[in-house]
Amino acid sequence: MILFGTSKGLVLCDEVGNIQEVFFSGFPVSMVYEDPRHNTWWAGISHRHWGQKLYCTQDQGKNWTQIPTPKFPPNTEIKPGKPASLKQIWCMSHGGPDKNDRIWLGTEPGALFVSNNRGTSFELVESLWDHPSRSKETQWFGAGKDHPFIHTIEVDPRNSDHVYIAVSCAGVFETWDGGGSWNPKNNGLIAAYLPNPGVEVGHDPHSMKICQSHPNTIWQQNHCGIFRTKDGGVLWENVTDEEGLADYGFGLCIDAHDPNIAWVIPADSDESRVPPNLALCVCKTTDGGKTWEPKRKGLPQDYCYDIVFRQSFANKGDLLVFGTTSGNVYLSHDTGESWKGIHTNLARVESVIIT
């Protein structure tokens, strides 16, 4: 089954695209996640009048339970004189196979929350919120948003206390002690929009994925290109296709078993945000980013304005799926070699997961 979080509801499809159900019709779905340990679906909902809401279901949507929305401790401030409040729920992650009750939650304004009771309640991870780099406006700042936001949480499958997060804008941070302390892991990244492109903190990772079978390999689609690390973030290597299309973009998928295989969906610059040459394509590498090949079969090649957001591209086995800002959905059953459009009239797609 495939879940599409859209600006007008949560759409459930089968693996050929037939719609089975629509949940939260009319409401923006900012996040959708499946916890594989408990077969639980989670959804973050943006109510225009009531703010952010969090729901979960353990029976594939037959019954949804509203969970108390994470709250900042009293007197928490984004900056002096500005109280912190939850703007958006961006992402969620399980806490690891040996941390059965732990759940991580990433939000705007750049806050990480943790639950140790399966989501019954969440607490702010104050060690990250109080990180010294946050006090500098040139290191933590909004990227198309008013505030920085945490959009990716990746748990090392070998060690549940070893966790990476990606912040736009700030960069990648790592903890080895379950969130007790955090260190930036941005060596080798480029922040071309800053006076010093090689800053320790101030980067804009658009999306990030850890290879489950080779966890030292992590891929990143960045505002300033595509990067890959083979040593757990000690050094990021620039694998942007300097003479091709694989450069700026948001969506990223990687192979769960082969650390050299990845897919990105390119966009044309931060200013215009349209497909290059108004032709939609998916770029694939099988050699760790040394070379990239555009895959276009079945995708529109004329006057296409579809962009794919960071959470709107997913893969599982040979199946790849993405949804676009125009409400179009494309699916591939052959690892991206060919594509089929399965929907053309959904609302803007914000997130996709394959359950």
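Residues are numbered from 1 along each chain as its sequence is written, and side-chain values use heavy atoms, with hydrogens and water left out. Because the model is predicted, local features need pLDDT of at least 70 and side-chain atom pairs count only at pLDDT 80 or more, while totals for chains, interfaces and linings use all residues.

**View 1. Strand S11 is largely enclosed by the rest of the structure.** Six of the six residues of S11 (residues 103–108) are buried, so the strand is largely enclosed; buried means under 20% relative accessible area with a 1.4 Å probe, protein chains only, and strands are DSSP runs (E, at least two residues) numbered from the N terminus. In a regular strand the side chains alternate between the two faces of the sheet. Here Ile 103, Leu 105 and Thr 107 point one way, whereas Trp 104, Gly 106 and Glu 108 point the other way.

**View 2. S11 pairs with strands S10 and S12.** Two strands pair if DSSP finds at least two bridges between them. S10 (residues 88–94) pairs with S11 in the antiparallel sense over six bridges, and Ser 93 stands opposite Trp 104. S11 also pairs with S12 (residues 111–115), antiparallel over five bridges, with Phe 113 as the bridge partner of Leu 105. In this hairpin, which has two residues between the strands, Gly 110 takes a positive phi near 65°.

**View 3. Four strands form an open antiparallel sheet in the order S22-S23-S24-S25.** The edge strands, S22 (249–254) and S25 (293–295), each pair on one side only. S22 and S23 (residues 262–266) share four antiparallel bridges, and Gly 249 has Pro 266 as its bridge partner.

Technical notes:
Buried means under 20% relative accessible area, exposed over 50%, partly exposed in between (1.4 Å probe, protein chains only).
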